Amino acid sequence: EVQLQASGGGLVQAGGSLRLSCVSSGFFFDDYVIGWFRQAPGKEREMVSCISRSDGRSVYADSVKGRFTISSDNAKNTVTLQMNSLKPEDTAVYYCAADTKCSTYWTLFGAWGQGTLVTVSS
């Protein structure tokens, strides 16, 4: 099965940037997708962005559209989430996950990384 490792989180001031990475290894479906989800304390896990490794199509949550960019380097088995113009409300643990189709429902993703903490100060 596929193994996912998320990294790149940290502490940043509002308006700053961070780049998160998700590295995958092992076997999964040929057409699998990688989604980024986040969860803040006391809140439900929500989809931030998702990308198809096969055709590069991507989707974004309305709250991050125009600020975040997702990309995939299939040769390195790495998906990157570039986060710009960060806001305090972006503070959360960010997870990457894999499945066969992008979805806003985190329960539909079958493989998960360990998560990386992003803290945005005001």
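1. Which residue in E8 is the bridge partner of Ser 21? Thr 80 is that partner. Strands here are DSSP runs of at least two residues, marked E, and are numbered from the N terminus; helices, marked H or I, need at least four residues. Two strands count as paired if DSSP finds at least two bridges between them.

2. Some ground rules. This is a predicted model, in which local features need pLDDT of at least 70 and side-chain atom pairs count only at pLDDT 80 or more, while totals for chains, interfaces and linings use all residues. Residues are numbered from 1 along each chain as its sequence is written, and side-chain values use heavy atoms, with hydrogens and water left out.

3. The sheet. Four strands make an open sheet in the order E1-E3-E8-E7, with antiparallel pairing. Strand E1 (3–7) and strand E7 (68–73) stand at the edges; each has a single partner strand, so one side of each lacks a neighbour in the sheet. On average, neighbouring strands are turned by 15° against each other, direction ignored. Axes for such angles are lines fitted to C-alpha atoms, for helices over the stretch in contact, and angles run from 0 to 180 degrees between N-to-C directions.

4. Strand E1. E1 and E3 run antiparallel and are joined by 5 bridges. Ser 7 stands opposite Ser 21 in E3. Buried means under 20% relative accessible area, exposed means over 50%, and partly exposed lies in between (1.4 Å probe, protein chains only).

5. Strand E8. Is E8 mostly covered or uncovered? E8 is mostly covered, with 6 of its 6 residues buried. Thr 78, Thr 80 and Gln 82 lie on one side, and Val 79, Leu 81 and Met 83 on the other; both faces are covered. E3 pairs with E8 in the antiparallel sense over 6 bridges.

6. E7 is joined to strand E8 (residues 78–83) by 6 bridges, and the two run antiparallel. Ile 70 has Leu 81 in E8 as its bridge partner. Asp 73 stands opposite Thr 78 in E8. The hairpin has 4 residues between its strands, and Asn 77 in the turn has a positive phi of about 50°.

7. Disulfides. How many turn up in a search of the whole structure? The search finds 2. The cut-off is a pair of cysteine sulfur atoms within 2.5 Å. With the bonded cysteines numbered in sequence order, the pairing is 1-3, 2-4.

8. Cys 22 and Cys 96. Their sulfur atoms are 2.2 Å apart in the disulfide. The link is right-handed, with 75° about the S-S bond. It links distant parts of the chain, from Cys 22 in strand E3 (residues 18–25) to Cys 96 in strand E9 (residues 92–99), 74 residues apart. Cys 22 and Cys 96 are buried.

9. Cys 50 and Cys 102. This disulfide has an S to S distance of 2.0 Å. The torsion about its S-S bond is about -85°, so the link is left-handed. Distant parts of the chain are again linked: Cys 50 is in strand E5 (residues 46–52), and Cys 102 is in the loop between E9 and strand E10 (111–112), 52 residues apart. Cys 50 counts as buried because its relative accessibility is 0%. Cys 102 is partly exposed, at 26% relative accessible area.

10. Trp 106. The loop between E9 and E10 also holds Trp 106. Trp 106 is partly exposed, with a relative accessible area of 32%. Its C-alpha atom is separated by 9.5 Å from that of Trp 36, 70 residues apart along the chain.

11. The cavity. The structure holds 1 cavity of 30 Å³ or more. About 40 Å³ of space lies in the largest cavity. A cavity is a set of points on a 1 Å grid over the protein atoms alone where a 1.4 Å probe fits but cannot get out; lining residues have an atom within 4 Å of a point. Grid points are joined across faces, edges and corners, and the volume is the space filled by probe spheres set on them.

12. The lining. Among the residues lining the largest cavity are Cys 22, Tyr 32, Arg 53, Asp 73, Asn 77 and Thr 78. E3, E7 and E8 are the elements that give two or more residues to this lining. The lining divides into 4 nonpolar, 5 polar and 2 charged residues. Ala, Val, Leu, Ile, Met, Phe, Trp, Tyr, Cys and Pro count as nonpolar, Asp, Glu, Lys and Arg as charged, and the others, Gly among them, as polar.

Conventions: 1 Å grid on protein atoms, 1.4 Å probe; cavity = no way out; pocket = protein on both sides within 12 Å on 5 of 7 lines; lining within 4 Å.
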